Amino acid sequence: MNQVTDQVQNFKEVMGNYPTGVTVVTTSDEQGVPVGLTVNSFASVSLDPLLVLWSIDHKVSSLDIFKNAGKFAVHVLAGDQQDLCKLFASKDMDRFSNCEWNSSEYGLPVVSGAFAVLQCKTFKQVEAGDHTILIGEVLDIQLDDKEAMLYHNRKFGPIPAEFHS
Ligand SMILES: Cc1cc2nc3c(=O)[nH]c(=O)nc-3n(C[C@H](O)[C@H](O)[C@H](O)COP(=O)(O)O)c2cc1C
C-alpha cells in the first residue's frame, strides 16, 4: 500500500470508529416529488441563530435537487428504525413508497417514527472536496418521546442501557 492509500485507510478507520447518530435528510423537487438519503455527517453549528449542517456526496442522485430546494428536513432516527436507515441508503428500493410520510406545512416530506425532525431553510452551501456542506437554519423542531439511534463501526441500533439517564 502506498502512503496516500494508507492515509485514506487510516481516515476511514478513524471516522468509522467515531460514534454518531443516523439521520435521514429529505426535500422535494420543483414538482413536489420527495427525495432523501441516509446521512451521518449531521452536526450542530450555532445556537443564535439555530444552525445545523450535513454534507452531501457529489455522487448522490438528488444532489442538484438538494442544492436548489432551499430547504430540507433532518430526521434523527430512533433506535428501532434500522429498516429506514437501510431503505434510504439502498439503490434498488423506491424509498417513499416503502415508508410512511406526509408533506409538512413547509412543503417538506416528513417521514414518520423519528426521534426528532428538524425542518430547515438552507442558510449557506459550502463546496468542500467531493462533498457540498449544506448549512440549515432550523425553522421547526418536532421531538418524540424516543431514544436516538447509535451508529458505530458500520453497525446501528438502540443506545445501550448503561447510557440511559
Ligand atoms: C450510516 C450511513 C451514513 C451515511 N452518511 C452519508 C452522508 O453524510 N452524506 C452522503 O452524501 N451520503 C451518506 N451515506 C450514503 C447515502 O445514504 C447513500 O449513498 C444513498 O444511496 C445516496 O442516495 P442515492 O442512492 O439517491 O444516490 C450514508 C449511508 C449510511 C448507511
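Two strands are taken to pair if DSSP finds at least two bridges between them, and strands themselves are DSSP runs (E, at least two residues) numbered from the N terminus. The model on screen is predicted, so local features need pLDDT of at least 70 and side-chain atom pairs count only at pLDDT 80 or more, whereas totals for chains, interfaces and linings use all residues. Residues are numbered from 1 along each chain as its sequence is written, and side-chain values use heavy atoms, with hydrogens and water left out.

Select strand 10 (residues 149-152) and strand 11 (residues 155-158), which run antiparallel and are joined by four bridges. Within this pair, Y151 stands opposite F156 of strand 11. Two residues lie between the strands of this hairpin, where N153 takes a positive phi near 55°.

Next, select the ligand and the 15 residues around it, of which T38, S41, D57, S61 and R95 come nearest (a residue is near a molecule if one of its heavy atoms lies within 4 Å of it). By class, this shell holds seven nonpolar, five polar and three charged residues, where Ala, Val, Leu, Ile, Met, Phe, Trp, Tyr, Cys and Pro count as nonpolar, Asp, Glu, Lys and Arg as charged, and the others, Gly among them, as polar.

Now show the backbone of T38, where an N or O atom lies 2.7 Å from an oxygen atom of the ligand. At N40, a backbone N or O atom is 3.0 Å from a nitrogen atom of the ligand, and a polar backbone atom of S55 lies 2.9 Å from a ligand nitrogen atom. Strand 2 (34-39) and strand 4 (51-57) are the elements that give two or more residues to the shell around the ligand.

Technical notes
Polar contact = N/O pair within 3.5 Å; in protein donor to acceptor, adjacent residues only side chain to side chain.
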